[in-house]
Structures are given as structure tokens and as C-alpha cells.
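Welcome! Let's get to know a new structure together through a few questions and answers.

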Amino acid sequence: MTPTSPSSAERRAQRQQNARRQAQQQRLRRRLLRIGSGAGALIVVGVVAWLIVGKPGLASRTQAPAGVQIFSGLARTHTNDPVSYPETPPVGGPHAPVWQNCGYYSAPIANEHGVHSLEHGAVWITYQPNLPNDQVATLRQLADSQTYVLVSPYPNLPTPVVASAWGRQLRLDSVTDPRLVQFVSAFRQGPQTPERGAACTGGTSVTQ
């Protein structure tokens, strides 16, 4: 059978679809350029945008980046009492019955709520309170641009930025380190998640 060529209507529809896709990506790039200040921040935000627009959902999961610490044997019990965690910030263990709603916070949150979010598959990105504003803006964009990402300042953090998932942690000197995006892609709702698919909304948004 001789293949038939696309009709003019089909070609026109394809061109319109391509134009709409290009316009959407251009609008996103313009927004990211307004948010990011500094070449390094723009690189990180641009990579995040590519992961979101170019490969929606979790299909873009990458391998864990170098330097990730692994913790095992973490308890999953609920408690209303304060918990003394061995890691800073915590990566799992006993936690509050209510989880922290994912998103960006300008003030510290309770460890016990954050750990519950980790149990549900969130990546919790903590940063030193004196982190430069442009880097904080990049982290906020990370939290605003996708689900299951929790961002908050954390006093006495061992490094400027720490990314945590249930049983996983990565210490970073800057948000421009490409391993930050790799960590989010690898562990957001990743295979290490005890309650994968559980909500990261409908909990609490209280801060300390």
C-alpha cells in the first residue's frame, strides 16, 4: 500500500501545536529569568524547568548523585512528644501524626512534622538562615514548581544547604551544585519512600 501524505489541515494543526508548545516554553523561560539572579541560580532553575516541561511526572528520575549518605533502621512510629534526632536535619525516625504541607517556608518548621513529610516521599531542602537571597529564591522556585518538595531555613545547619529524603541526605555548599537537582529527581517519591503516594498536602503549615 502506498503511504499517503499528511493533508494540509493536518500539517497546519501540527504547526499550531508546535507553536503553542514553543510559546509555553518561552513564557516559562522568561519567568525563570525574572526569578533567578546570578548565572549559577539560573542554571539550576533552568535544569529544573527542563525536568518539569521536558519530562513531566516522575519519568525523569535520575540516579542518586555522589556524596549521598544512607541511613537505615529508621523507626516509623507516631508521637506527640519532641524527638531528639541524631542527624541534622533528621532523615527519618519517630515523628508527629501530622505531616508538614510541602512548599516553601520562610521560617523553620518542626522536625517532627518534616520527618512525616519525608515518610510520604517529600524531599526536604533546608538552608542556613543567612543564605544569599538569590539562592533562597532558587530554592523557593524549586518548591513552587513541583510537588513533594519542602523548603525551609534551618538554624545551625552543618553546610549552607542540605537535601534530605527518607534515609538519604546530601550536604551542599551552594544551590548551584547540580547534585541538588539530581537528588530531587532521584528521591522525590523515590523507591526509598515508606508511604509512596501519601499526601503532602492537607497536613499542617505551622512554623516555629
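Q: How many aromatic pairs does the count come to?
A: This is a predicted model. Rings of Phe, Tyr and Trp pair if their centres lie within 6.5 Å. By this rule the count comes to 2 aromatic pairs.

Q: Are the planes of the W124 and Y154 rings stacked or edge-to-face?
A: The ring centres of W124 and Y154 sit 6.1 Å apart, and their planes meet at 65°. Planes over 60 degrees apart count as edge-to-face. The pair W124 and Y154 is therefore edge-to-face.

Q: Is W124 buried or exposed?
A: Let's start with where the pair sits: W124 belongs to strand 3 (residues 123-127), while Y154 is in the loop between strand 4 (149-153) and strand 5 (161-165). Buried means under 20% relative accessible area. Y154, at 12%, is buried. W124 has a relative accessibility of 0%, so W124 counts as buried.

Q: Which parts does the disulfide of C102 and C200 tie together, and how many residues apart are they in sequence?
A: The sulfur atoms of C102 and C200 are 1.8 Å apart, forming a disulfide. C102 lies in the loop between strand 1 (69-70) and strand 2 (103-104), and C200 in the segment after helix 5 (179-187), so the parts tied together are 98 residues apart in sequence.

Q: What is the C-alpha to C-alpha distance between R140 and Y104?
A: R140 is found in helix 4 (residues 133-145) and is partly exposed, at 44% relative accessible area. In sequence, R140 and Y104 are 36 residues apart. In space, their C-alpha to C-alpha distance is 5.6 Å.

Conventions:
Residues are numbered from 1 along each chain as its sequence is written. This is a predicted model: local features need pLDDT of at least 70, side-chain atom pairs count only at pLDDT 80 or more; totals for chains, interfaces and linings use all residues. Side-chain values use heavy atoms; hydrogens and water are left out. A disulfide is a pair of cysteine sulfur atoms within 2.5 Å. Helices (H or I, at least four residues) and strands (E, at least two) are DSSP runs, numbered from the N terminus. Buried means under 20% relative accessible area, exposed over 50%, partly exposed in between (1.4 Å probe, protein chains only). Rings of Phe, Tyr and Trp (its six-membered ring) pair if their centres lie within 6.5 Å; planes under 30 degrees apart count as stacked, over 60 as edge-to-face and the rest as tilted.
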